[in-house]
Structures are given as structure tokens and as C-alpha cells.
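Here is a short note for someone opening this structure for the first time. Please read the points with the model in view.

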Amino acid sequence: MLTSVLRGLAAASLAVLPVVASTPAHAAETLPVAEAVTRLPVDAESRDGYDRDAFRHWNRGDDPADGCSTRNEVLITEAVEPPTVGPGCRLSGGRWWSYYDQTWVTSASGLDIDHMVPLAESWDSGASAWTAQRREAYANDQGAQASLVAVTARSNRSKADQDPAQWLPPAAEVHCRYVAEWVATKLRWNLSADETEVAALREAADGCPEQQVSYEPAA
């Protein structure tokens, strides 16, 4: 598109192109996980006033016309073998891989949709100051693959609202991925981390020299 624009511009207009051209406001970034950890704002956490109902979920999803909630849209997207989608977005069949505990799941009812950074943790880390609309956007975020993840109910409930200083997936081989996705989600939503959390993330990142973090700031 830029080429066609340039062809139609006069020489005087060409002269000002470097001035009007700009970097997209929400450009994606990819960087080593150790560097990504250093970009996290460090601040004390507070759960004062937290109410899970302050985060409306699951809403009508990215495509309200499909009749599926965010939960079911994520399940459909993450299925290794797609389920059958019936009336009212009822899912049957299908097969999923729960990466936290390296387990195959063959029933949608056996899966939870985990918020990579739990709702309570996000509240502690800055979401308490958000509008209700932004909290709803966060709770239903399908704009980044890492934000919501289908995993076994067992592993999700073991994690609960803990951060990586308190909990990591039972499958040690996925710790680097998990830490990268945690950091990516916090950076995407400009959430802070407390000192204990940052120390744990730094220690984990030291063991993941090849791990990259990719994120795009949420609108």
C-alpha cells in the first residue's frame, strides 16, 4: 500500500513522509524472557475490595453471532481434534492437550479455561483501578493466545490465584513456556509484579536462556 501511495505523491509531499509516518500504537514485541521480566513494573500488591464478579465472564465471545461464550470459543480454538458444535454451542467429542500437566482430555466438561494471570492476581496488580469494561475485556481476552488456556480442572484448581513464586505447572518441562506466557500477559495489560514474584520470575528466566516472550499491548 505504501508503494502505491508514494507513486501518487508529488515531490513536496514525499519530503514530509518521514514526519507523518509513525510506529503502530500497539506494536508487538519479542524479546528474551530475562529481559521481559525487567520491564515489569514493580509494586506492592493489594487485594482490598476484590470481588470476582467485578470481572464479567464468560461473555458472548469474539463472535456474538456464533452463539458461543468465550469459554466455548477458546475450547474450539484449542482443540487438537475439533469437537462437534451443536445447538446452543453445545460441544461434544473433541480432544485437548492440557499442557500444564501433559494430559489428554476428551471431554469439554473436564477442562477449565485458566486466566494465565488469575483475576485476583490481576486485581492485586492494577486491575482494581480499571473500568468495568476493561476488566471484562481482560477476563475474555482472546487477542493473545497466552491469555486464556484450556487445561485440566485439576491443574487449574491447584494453581488457583497463585503467582509463579507460589505455583508452577506440575510438568517441569513446560516451566519456561509458562513463565514466558505469564510475563507476556502482565506486559500486555501493563500489570505490576511484587518483589517476591519478580525474584521468582528472574530465577526461572535464568534457566530459560532460549525462551522468548512475545506480546502486544492491549488496546
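1. A cut-off first. Buried means under 20% relative accessible area, exposed means over 50%, and partly exposed lies in between. Cys 208 has a relative accessible area of 8%, so Cys 208 is buried. Keep in mind that this is a predicted model.

2. The partner of Cys 208 is Cys 176. The two form a disulfide, with sulfur atoms 2.0 Å apart. The pair links distant parts of the chain, 32 residues apart. Cys 176 sits in helix 8, while Cys 208 sits in the loop between helix 9 (195–206) and strand 8. Cys 176 is partly exposed, because its relative accessible area is 24%. The torsion about the S-S bond is about -85 degrees, so this disulfide is left-handed.

3. How many disulfides does the count come to? It comes to two. The other one to look at joins Cys 68 to Cys 89, with an S to S distance of 1.9 Å. This link is right-handed, with 90 degrees about the S-S bond. It too links distant parts of the chain, 21 residues apart. Cys 68 is in the loop between helix 3 (33–38) and helix 4. Cys 89 is in the loop between strand 2 (84–85) and strand 3. Both Cys 68 and Cys 89 are buried. With the bonded cysteines numbered in sequence order, the pairing is 1-2, 3-4.

4. Next, helix 4. Its buried residues include Thr 70, Asn 72, Glu 73, Val 74 and Leu 75. What do the buried residues of helix 4 pack against? The partners are strand 3 (91–92), strand 4, strand 6 and strand 7.

5. Go back to helix 8 and find Trp 182. Helix 8 covers residues 175–188, and Trp 182 lies in it. Trp 182 is buried, because its relative accessible area is 0%. The side chain of Trp 182 makes a polar contact of 2.9 Å with the side chain of Glu 197. Trp 182 also touches residues from several places in the sequence, among them Met 116, Val 117, Pro 118, Lys 159, Pro 164 and Leu 201. Val 213 is 31 residues away from Trp 182 in sequence, and the two are 9.4 Å apart in space, C-alpha to C-alpha.

6. Where is Asp 141 found? It is in the loop between helix 6 (132–139) and strand 7 (148–152). Is Asp 141 buried or exposed? Its relative accessible area is 5%, so Asp 141 is buried. The side chain of Asp 141 makes a polar contact of 2.7 Å with the side chain of Ser 147. Another polar contact, of 3.1 Å, joins the side chains of Asp 141 and Trp 189. Leaving out residues up to four places away in sequence, Asp 141 touches Ser 147, Leu 148, Arg 188 and Trp 189.

7. Now the largest pocket. Its volume is about 580 Å³. The lining holds 29 residues, and Ala 144, Gln 145, Ala 146, Leu 148 and Glu 181 lie nearest the centre. Two or more residues come from each of helix 4 (70–78), strand 4 (96–98), strand 7, helix 8 and strand 8 (212–215). Which element gives the largest share of this lining? Helix 8 does, with six residues. By class, the lining has 14 nonpolar, nine polar and six charged residues. Leu 148, one of the residues nearest the centre, is also touched by Asp 141.

8. Last, the second largest pocket. It contains about 230 Å³ of space. Its lining has 14 residues, with Arg 52, Asp 114, His 115, Asn 156 and Ala 160 nearest the centre. The elements that give two or more residues to this lining are strand 6 (111–115) and helix 5 (119–124). Strand 6 supplies the largest share, four residues. By class, this lining divides into seven nonpolar, three polar and four charged residues.

Methods. Residues numbered from 1 in each chain as written. Predicted model: local features only at pLDDT ≥ 70, side-chain atom pairs only at ≥ 80, totals over all residues. Heavy atoms only, no water. Buried < 20%, exposed > 50% of the residue type's maximum accessible area, 1.4 Å probe, protein only. Polar contact = N/O pair within 3.5 Å; in protein donor to acceptor, adjacent residues only side chain to side chain. Contact = heavy atoms within 4.5 Å. 1 Å grid on protein atoms, 1.4 Å probe; cavity = no way out; pocket = protein on both sides within 12 Å on 5 of 7 lines; lining within 4 Å. Points joined across faces, edges and corners; volume = space filled by probe spheres on them. Nonpolar A, V, L, I, M, F, W, Y, C, P; charged D, E, K, R; others polar. Disulfide = S-S within 2.5 Å.
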